[in-house]
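Here's a walk through a structure, meant to be read with the model open beside you.

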Amino acid sequence: MGTPTRLARLCVRLACAAAVFASGHAHAVSTAADEVQGALRLTPDLARGERAFETCAACHGADGTGAADGSVPAIAGQYARVLMKQVVAFRHDDRLNIRMQHFVDSHHLADAQQLADVIGFVSSLPPRMAPVGAAPGAQGAELYARHCRACHGDSGQGDERRAVPRLAGQHPQYVLEQLQDAAQGRRASMQRDHTRALLKLQDAELGTLAAYASALRASREDGPSPANGAGPPGAAAPR
Ligand code: HEC
Ligand code: HEC
């Protein structure tokens, strides 16, 4: 009983693999994870990266700080590992946005070196700072400390080593949309634990968290988040 069914499933899988391969996408030969690792191993040529960034600047702005209404995210100063994972996710259709998918596809960024160059340049730009006095409320502070701080850091600085994005200075509307997208299953490349943790929160809490985290003002020198190593006492890890 089990064997023919299993065989049938295997055939379907093989047929799919063959179809993907035959479709001629360069990506089909490497997984997203391989592409990320391969490109991160290369030494970026920042001058070439700066030239390639002209394409990105059309949307993300010449300084990489995105659009004030949050329709385009700030990317300047984000960790290279975070940028690489996200750009590659768009290349592999694991994150969906027609505009982004188009401009980072293999016609625009042909190989790992071109990816490394442009991402090296973007992460070298000074990060966007939230306006002074965008006062975070007490409820935001409490929610953030309980659910997010262990990874995203005391001041929203993220963590390069673990590829945790910097949230400080990101546009609040963009952060909110990402939280909603993730909670509703539209961000396939995000870790499942993360999505599950967000599902436990109410819509209003997501709004409060987006406003709070984006108003944080992390400097580049802020160290990695407290959760490195043993982790802070009482820090909530998402389950
Ligand atoms: C036509 C406009 C456009 C161009 C050109 C463009 N982007 Fe984007 N980018 C966007 C939009 C819109 C988003 C947000 C997508 C979403 O909501 O998921 C985005 C998202 C991103 C993200 C994810 C940020 C995060 O915090 O998760 C990265 C990284 C990024 N872009 C890098 C680049 C780079 C590098 C280039 C140039 C090679 C580029 N983009 C070119 C519009 C663009
Ligand atoms: C266990 C560590 C961890 C915890 C806890 C955590 N995050 Fe994250 N967060 C990450 C990682 C890693 C990513 C990158 C996900 C990916 O690769 O797409 C991320 C991505 C995000 C993004 C997308 C940012 C972008 O630029 O695309 C947002 C927004 C976010 N987290 C907000 C939160 C909030 C709000 C909380 C608390 C409710 C939280 N996170 C808790 C590790 C964590």
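First, some housekeeping. This is a predicted model, where local features need pLDDT of at least 70, side-chain atom pairs count only at pLDDT 80 or more, and totals for chains, interfaces and linings use all residues. Residues are numbered from 1 along each chain as its sequence is written, while chains are lettered from A and ligands numbered from 1 in the order in which they are written.

The chain's secondary structure comes to eleven helices and zero strands, with helices (H or I, at least four residues) and strands (E, at least two) taken as DSSP runs numbered from the N terminus. Of the 239 residues, 38% are buried; buried here says that 20 or more other C-beta atoms, placed from the backbone, lie within 10 Å of a residue's own, against 12 or fewer for exposed and in between for partly exposed. Take contacts (C-beta atoms, placed from the backbone, within 7 Å) between residues at least 6 apart in sequence: 78% of them join residues at least 24 apart.

Now for the insides. A nonpolar core is a set of buried Ala, Val, Leu, Ile, Met, Phe, Trp, Tyr and Cys residues joined through C-beta atoms within 7 Å. The largest one has 26 residues, and L83, M84, V87, L115, V118, I119 and V122 have the most contacts inside it. Helix 2 (32-40), helix 3, helix 4 and helix 6 each put at least two residues into this core. There's also a second, separate core of 24 residues, with Y144, A182, L206 and A210 among them.

Eleven of its 13 residues are buried, so helix 6 is largely enclosed by the rest of the structure. Its cover includes helix 2, helix 3 and helix 4. Among the buried residues of helix 6 is V122, and if you skip residues up to four places away in sequence, V122 touches F53, G64, I75, A76, Q78 and L83. The geometry works out as well: at 1.5 Å a residue (times one less than the number of residues), helix 6 should span 18 Å, and its end C-alpha atoms are 18 Å apart, which agrees.

On to the ligands. A residue joins a shell if its C-beta atom, placed from the backbone, lies within 6 Å of the molecule. Ligand 1 is surrounded by 20 residues, the closest being C56, C59, N97, R99 and F103. Elements giving two or more residues to that shell are helix 3 (46-60), helix 4 (80-91), helix 5 (98-103) and helix 6 (112-124), and helix 3 has the largest share, with five residues.

Ligand 2 has 22 residues around it, with H147, C148, C151, P165 and M190 the closest. Helix 8 (149-152), helix 9 (172-183), helix 10 (192-199) and helix 11 (203-215) each supply at least two residues of the ligand 2 shell.

How far can you trust all this? The chain's mean pLDDT (the predictor's confidence in each residue, from 0 to 100) is 84, and 80% of its residues reach 70 or more. Over residues 16-27 the pLDDT is below 50, and beyond near neighbours in sequence this stretch has seven contacts in the model. Residues 225-239 also stay under 50, with 26 contacts beyond four places in sequence. Where pLDDT is low, the predicted coordinates should not be read in detail.

Methods: Two residues are in contact if their C-beta atoms, placed from the backbone, lie within 7 Å.
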